[in-house]
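The sequence and the structure are shown first.

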Amino acid sequence: MIGTQHLTRLFFIASLFLFASPVWGETFKLGILHGDQDVFAYEISVIKLGLANAPGNHKLELVLLKNTAQKRFLNLLEHGERINLFFTGYSREREEQFLQIDIPLTRGLLGHRIFITRQDTSLKNIESLADLKKLWIGSGIGWPDTEIFKHAGFHVIQASYENLWRMLAFKRYDLFNRGINEAYVELEQQRKAGYDFAIDPYLSVTYPFDYFIYVNRRSEDLYHILKAGLEQAYKNGQFMEHFINHPTIAHALQISKMAERRTFRIPNPLLSPRAQAIPDQYWHKF
């Protein structure tokens, strides 16, 4: 007769073979803010890279819900409805509410902010942070960036993403703050929509910040799969190779000319000790 301990060991070994098999796989249902695959092409590709480096044969489904607020996506994720995966800007509340994979998706590029302006607006003569704070900044409702700019003493106008473009055109505020990895793709989209905006070439505001991947707390298996895959992609060099060569990132790094800009650094009061402890290897340095 086979003892209980021996049976347990056999079951454990069988499980390893089962989960190592390419037949085994999970379905990841990723919510895409604004339903915009173009703006988030890089972030989506990083998640695909992580799944490709994870054990098993997993499937990624994009859930495109246009005109859906970020808060609604987070509610769907919390209740396990329609999506089980979402990436969004870091906040302590999200870190506590969900399972957070502690790998910044854009290596912190999202925290290097530049400004989309009207053609009649120039920041060439802005010499100090105090001068910049005299202008009104546009930022989204519920965005961590909104709180970061407000905490630093900026005048901030809040609205939905779609309304912010119309409000900029109608001079309701002066500068739309965007990550360098977002601005150039969005500028082209808005030109096609009939807006004649520009990207300021002179200034940037920098703070430690990025998109992080969040998983429902009841989906630990999905969390561990994707976390392991992304860590493996860093270990084997695929993450950095992908980062450097992805068209969105390569274009942003080249055209933004960050070394030539006057850069103002502001604190991010939203960071927890856990977020502050994320290793330097995961953050891009200019």
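The sections below describe a predicted model, beginning with the sheet and ending with the cavity.

## Sheet

An open sheet of mixed pairing is built from five strands, arranged in the order S2-S1-S3-S11-S4. Its edges are formed by strand S2 (59–64) and strand S4 (99–101), each of which pairs on one side only. From one strand to the next, the twist averages 35 degrees.

## Largest pocket

The largest pocket holds about 590 Å³ of space. It is lined by 28 residues, and those closest to its centre are Gln70, Arg94, Ile141, Gly142 and Trp143. Two or more lining residues come from each of helix H3 (70–79), helix H4 (92–97), helix H6 (144–151), strand S7 (155–159) and helix H7 (161–169).

H3 makes the greatest contribution to this lining, with five residues. By residue class, the lining of the largest pocket has twelve polar, nine nonpolar and seven charged members.

## Second largest pocket

About 440 Å³ of space lies in the second largest pocket. Its lining comprises 21 residues, with His112, Thr206, Arg265, His284 and Lys285 closest to the centre. The elements giving two or more residues to this lining are strand S12 (262–265) and helix H12 (273–276). Eleven of the lining residues are nonpolar, six are polar and four are charged.

## Cavity

A search of the whole structure finds one cavity of 30 Å³ or more. The space in the largest cavity is about 160 Å³. Of the 18 residues that line the largest cavity, Leu33, Trp143, Asp145, Glu182 and Tyr211 lie nearest its centre. Trp143 is also among the residues closest to the centre of the largest pocket.

S3, H6 and helix H8 (180–192) each give two or more residues to the cavity lining. The lining of the largest cavity divides into nine nonpolar, five charged and four polar residues.

Technical notes
Residues are numbered from 1 along each chain as its sequence is written. This is a predicted model: local features need pLDDT of at least 70, side-chain atom pairs count only at pLDDT 80 or more; totals for chains, interfaces and linings use all residues. Side-chain values use heavy atoms; hydrogens and water are left out. Two strands pair if DSSP finds at least two bridges between them. Helices (H or I, at least four residues) and strands (E, at least two) are DSSP runs, numbered from the N terminus. Axes are lines fitted to C-alpha atoms, for helices over the stretch in contact, and angles run from 0 to 180 degrees between N-to-C directions. On a 1 Å grid over the protein atoms alone, a cavity is a set of points where a 1.4 Å probe fits but cannot get out, and a pocket is an open set with protein on both sides within 12 Å along at least five of seven lines; lining residues have an atom within 4 Å of a point. Grid points are joined across faces, edges and corners, and a volume is the space filled by probe spheres set on the points. Ala, Val, Leu, Ile, Met, Phe, Trp, Tyr, Cys and Pro count as nonpolar, Asp, Glu, Lys and Arg as charged, and the others, Gly among them, as polar.
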